[in-house]
Each structure stands twice: as C-alpha cells, then as structure tokens.
Amino acid sequence: MARCLLKRVANSPSVFFSTIDLSITFLLFLVLVYEQVWELVVFLFSNWFLVSLLHGYGTTVKLRLSATFCWAVRQILWVRSKMSHPDLTVKQFSALRSCRLWPPMILPALSLMTLSTVAVPKKVKHSIADYLFTTATTTSRRGLVSNGKLAVAGHRELRRACESESVAEVILAWHVATCLFEESKRECPPPPASRRDMIVATTLSKYCAYLVAVQPELLPENQESTERVFQAMEEELRRTVGFWSYYLPAVAGGGHEQILSLAEKLGQALELVEMSTLQKGASLGRALEDEANCAGGAPEGMWKVLADLWVQLLMYVAPTALDDRERVMGHAKVLQEGGGFLTVLWALATHTGIRRAAPPPVAVDIMERV
C-alpha cells in the first residue's frame, strides 16, 4: 500500500495528502509505542520497583525459593550498577550556624538557597540499614521503631529528653545539644574509628532540624503545632544570643557560650519537663559534656550514642499511616519535585511494614508554653 501511494504521490494531490496523513499517523504510533516502552523500562529500573521486589523477597517464602525471581532481581541489580544514579541529598539547617537573613516561614525560596546540600554519606545509609535489620529481627519490637529512647536507655539524664509528647520538641532539643557538643569538641576531633558516628550524628541532626523548619508537613505531628514549637525556640534563641549572632552566626559566632550559660543558670532549679526547648537543648549539651568527662574526657562513646539516637529519630518520623492523608499528600508533593531522603525512607517503611505506635496528641502544657 505504501509503495503504491509513493508511485502516485507526484501525480495526484489526493494521494499526496493521504500520504502525509498516513506518515503522521505512523509517526504518532511510533511515539506512543516508544513512550510506553520507555515508561516501562524506567519503572523496571526505578528505586520504587526495586524496593517492592526486595519486600516481596523478604516476606514471601515462595519468591525466595524461586530461581526465576532471584535471577530477575540479580539482572536488575546488574543493569542498575551500570547506570548513573543521582546521589541522594539532604538539606542541612543548623539552629546555631545557619544564616537567617530570610526566615523560612516568610521567604522559603530564598531561605533554601542559603542552606547547604550534602550527599547522604554511606555511613548514614549503613547505620540506617543496620538499625532496620535489628528492628526486623528483634522479636520484642519487630517492625516497631523507637524515638531515640533505646539509644539513651543507659543514661537517665539523657533518657528524659525523649519523653516529650512533641516530636518537634525532641528533635530541636537534641539538635541544639548536638550542635553544642560538636562545637565543644571542634578542637579535638574523634579518632577514625569514631568519625563515622560523628558524621552520622551531625548530618542527621541538621537534616531533622531542616524538616522541622522547612517541611513540617512531613512530620507525624500536627503541622501547626510543629511550626509553633519551632518559632518559639527561634524567638528565645534570638533573645539569648543577640541580633548579630542570630542573623549572621557565621560572622558574629553562634552564641554557644550564651546558650550553655542557660544550663548553668537553671542548675537543678527546674525539671527537664518544665524547661523550654532551647533550655532543654542547653541542659542536654551540658549532660553530654558531663557524660564524656565521666568517660575520661573521650567523646567517642557520646558520638556513638548520638549517632544511634538520630538514626532512631529519623526512622521514627519516616513511617506514615495510610489513613494519615495530610502526611501522604505531603510525600506525594515531594515525589512530584523529585523526591527527598525522608520520602525514600517513607516508601521503604511502607513496603517493609515498619511502623510506630500512634503518636499521642500534643499535651496542653506544651501548647501553652509555645
């Protein structure tokens, strides 16, 4: 048919236009086929499909015994190893070091430009994988994640900081404490064996603080409550360290001494539950120093505690109940923008059955304090 049309195309206008119509139809058909095949290929080699395969492998005995299924997984992994993948990245926000010329609540776009972005270190990935494996294989807490209490179970003063009903308050208090501890140990870096723990702790601390400050809709707590806790801490921080140290900490210094002085002024006068978020962070920073001094001044043990705590906290906020529409929609929005590290962990938790107990409502006294 095509050969017949081509022979008559120069002599007949109707044949000429029919040939054009046929060519356009054929090209559109090829584009449609190409698009469908390409979408299938992208899906087969995507992170989400691989997570789904691994979930099936881990939960279904029949698939683990299937030679065909195992062969398919190995082939997909081999092809993916030959492909270039963009690194997972995380934004870093430091309450004591980040510039605040553009507050995130007012000008979020400009605020994000001032925040550093780092690739997720392999040490962080390995720590999360180790924690998930332990969680999945421990009979007493199979599939249940901790908000950090397990990491500080042997330290009474530290354990109380994880008992708050507000996830945002726990994150910010531990973030301030981690920043203070990092600053105090800046002159004596840990040995190579403990450097992994320091990298895990500081990276996840700043990422979790970023989630509270910029993406509160992804956290399990009510978004409005999270924003109020963050704003209250910011206001107290500005009063404590002063104008220049608050807005330009890289130039004027982060005011670490002023924050630590809060713990000295409080002493034993107040219980931890009665303190503000910044006061809790200062008290925890002092407690970390005391614990390190009790161990002969070596910070290695405390870096291990902090690394475990931040891995547990991050995995605690990652799972989302399917009926939690606000959180699911938040992750769906992030997926449209390319996906984020917490959204990857959320998808992993969804596929592997990782969950947490339903968080209790924020206590009235917390809301009154903020």
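Arg327 is buried, because its relative accessibility is 5% (buried means under 20% relative accessible area, exposed over 50%, partly exposed in between, with a 1.4 Å probe and protein chains only). This residue sits in helix 17, residues 325–336. Helices (H or I, at least four residues) and strands (E, at least two) are DSSP runs, numbered from the N terminus. Setting aside neighbours within four places in sequence, Arg327 is in contact with Glu217, Leu218, Leu219, Pro220, Glu221 and Thr320. Contact means heavy atoms within 4.5 Å.

The model is predicted: local features need pLDDT of at least 70, side-chain atom pairs count only at pLDDT 80 or more, and totals for chains, interfaces and linings use all residues. Residues are numbered from 1 along each chain as its sequence is written, and side-chain values use heavy atoms, with hydrogens and water left out.

How far can each part be trusted? The predictor's confidence in each residue is pLDDT, from 0 to 100. The protein averages 79, and 79% of the residues score at least 70. Confidence is highest in helix 9 (residues 167–184), at a mean of 92, and lowest in helix 19 (residues 364–369), at 42. Over residues 359–370, pLDDT stays under 50. Residues 104–110 also stay under 50.

Now look at helix packing. Two packed helices are described by the angle between their axes and the distance between the axes. Axes are lines fitted to C-alpha atoms, for helices over the stretch in contact, and angles run from 0 to 180 degrees between N-to-C directions. Helix 7 (residues 122–137) packs against helix 10 (residues 192–214) at about 90 degrees, with axes 9 Å apart. The two are therefore roughly perpendicular (65 to 115 degrees; under 35 is roughly parallel, over 145 roughly antiparallel, the rest oblique). In helix 7, Lys123, Val124, His126, Ser127 and Asp130 meet Arg196, Ile199, Val200, Thr203 and Leu204 in helix 10.

Helix 7 also packs against helix 16 (residues 300–317), at about 70 degrees with axes 10 Å apart. Here Ser127, Ile128, Tyr131 and Leu132 of helix 7 meet Val311, Gln312, Leu314 and Met315 of helix 16.

Finally, turn to the strands. Strand 1 (residues 89–92) runs antiparallel to strand 2 (residues 116–119), and 4 bridges join them. Strands pair if DSSP finds at least two bridges between them. Lys91 has Thr117 in strand 2 as its bridge partner.
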